[in-house]
Amino acid sequence: MQLIWLRSDLRVEDNTALSAACALGPTLALWLASPGQWLAHDDAPCKVDFWLRNLQTLRQSLERLNIPLLIRHVDTWRQAPQAVLEVCREHRIEAVHWNEEYGVNEQQRDAATQDLLEQAGILTHGHLDQLLLRPGSVLTRSGHYFQVFGQFRRACLEHLHLSLPSLAPPVKRQAPLRIASDPLPQGFTGFPSPPRSVREHWPAGENEAHRRLTRFIDETVEDYLQLRDLPARTGTSQLSPYLAAGVISPRQCLHAALSGNQGELDSGSVGVQTWINELLWREFYKHILVGYPQVSRHRAFRAPTEALPWRDAPEDLEAWKTGRTGFPIVDAAMRQLLHTGWMHNRLRMVVAMFLSKNLLIDWRLGERHFMRHLIDGDLAANNGGWQWSASTGTDAVPYFRLFNPVSQSRRFDPQGQFIRHWLPELQGLDDKTIHEPGAGGDLFSASYVQPIVDLGSSRERVLAAFQGLKD
């Protein structure tokens with residue numbers, strides 16, 4: 001009997017470990033609930049709810065294949081090895097398969113599980129699944145992990161030109177087993193159910209993920225380069241929650257993109273090339289987790305920036321969290337996050353720079369707030385994005401480059417459509433004033449908060465802070 005230990009790979013199609021296990025014989029599936037670990041990782045309630053909803057559809061898919069789904073409960077991953085071993089003993093498992101995950105805690109969990117199982121005479125098999133290319137297979141000439149995305153991207157494309165990762169063989173229906181699936185948990189303490197609007201915006205299941213992928217490739221990807229920066233438009237794939245939970249694989253995304261571009265990786269449609277770059281950014285940050293594990297431990301990638309004089313400003317931090325900074329594009333973005341569990345990527349950069357640079361508040365506080373609310377929360381991507389914006393990370397934006405939120409608003413939401421949607425108190429303002437309502441003294445903006453910081457002086461403050469690192 002084989003066991004597939006499911007984690008962030010909640011799908012049947014193109015699931016490397018599941019396919020490998022089923023090819024070897026009768027297979028059981030296992031999922032561990034670990035709410036204490038989720039709390040320690042700041043996983044958002046809407047993200048946990050998304051996992052549970054996807055588990056429901058996954059169980060139905062597995063049952064059609066006669067694969068029972070077992071559910072076990074542990075508090076943290078320290079208890080995971082023993083829980084897996086007990087399942088193996090109960091069902092006489094010969095080998096356990098899982099898809100590799102990245103990050104210090106994930107790798108320690110898997111190493112401990114492998115040691116315990118092998119001591120008990122049970123085989124273990126880790127499979128490459130979350131990524132197109134295994135960490136350690138894309139290195140500099142000196143044998144180190146890349147620190148600059150452009151160089152990493154070129155190396156990845158060279159690998160992919162030589163050999164595209166293939167999809168896993170489809171899983172065949174197996175003979176019924178006399179083992180019943182376990183009931184799914186209905187919820188966990190500390191993880192309240194999200195609003196119905198969040199669930200409606202993010203339906204569960206592989207079919208929904210593939211519907212979004214197909215629609216994006218057919219209708220949007222050709223104009224992706226232009227549309228992806230416009231928050232009022234549906235110009236992105238909105239697949240990030242499905243990728244984070246493993247409801248769809250990066251291989252499936254890459255193959256779909258190539259099929260819409262005559263098989264070309266780095267020529268043809270500019271929109272497809274740009275979207276493939278985004279897949280490779282996701283790849284890059286996961287490789288960084290493995291090559292530079294300090295980023296999993298809440299440390300800056302660039303060690304000297306640990307000395308930055310971050311401000312202790314709880315009122316400013318709270319205003320940022322709740323969308324009350326007095327800068328409409330920032331406030332609209334933060335309200336989008338609170339109401340949908342998601343934020344447009346351009347705006348993630350805008351609000352991250354505003355917090356870490358204009359407010360000079362430690363990027364780690366913003367990173368944590370995002371993780372506690374994002375339905376697509378992913379350690380690698382979230383940490384990488386925050387450190388890029390704060391100029392503390394790998395391939396980071398130069399410290400002297402700050403996104404002016406007013407300029408960004410005028411450029412990417414010129415008619416104020418996005419702002420009006422999330423800030424109804426500003427709906428009466430014209431297209432010019434809405435980006436900076438405090439500047440015109442408009443009566444319609446009387447109910448809107450005044451800016452909590454001066455952009456000019458705050459720019460000088462953060463530049464001085466970074467320049468002080470050199471002294």
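Colleague: How much of the chain's accessible surface belongs to carbon and sulfur atoms?
Modeller: The accessible surface comes to about 20,500 Å², using the Shrake-Rupley method with a 1.4 Å probe, and for residues only the protein chains shown count as cover. The share of carbon and sulfur atoms is 50%. This is a predicted model, where local features need pLDDT of at least 70, side-chain atom pairs count only at pLDDT 80 or more, and totals for chains, interfaces and linings use all residues. Residues are numbered from 1 along each chain as its sequence is written, and side-chain values use heavy atoms, leaving out hydrogens and water. So, back to your share of the surface: 50%.

Colleague: Okay, and what percentage of the residues is buried?
Modeller: Buried means under 20% relative accessible area, exposed is over 50%, and partly exposed lies in between (1.4 Å probe, protein chains only). Of the 471 residues in the chain, the buried part is 58%.

Colleague: What radius of gyration does the chain have?
Modeller: We take this radius over C-alpha atoms, and the globule rule is 2.2 Å times the number of residues to the power 0.38. With 471 residues, a compact globule would come out near 23 Å. The chain agrees with that, because its own value is 23 Å.

Colleague: Which cysteine sulfur is nearest to that of Cys253?
Modeller: A disulfide is a pair of cysteine sulfur atoms within 2.5 Å, and the structure holds 0 of them. Cys253 is in no disulfide, and the nearest cysteine sulfur is 16 Å away, in Cys156.
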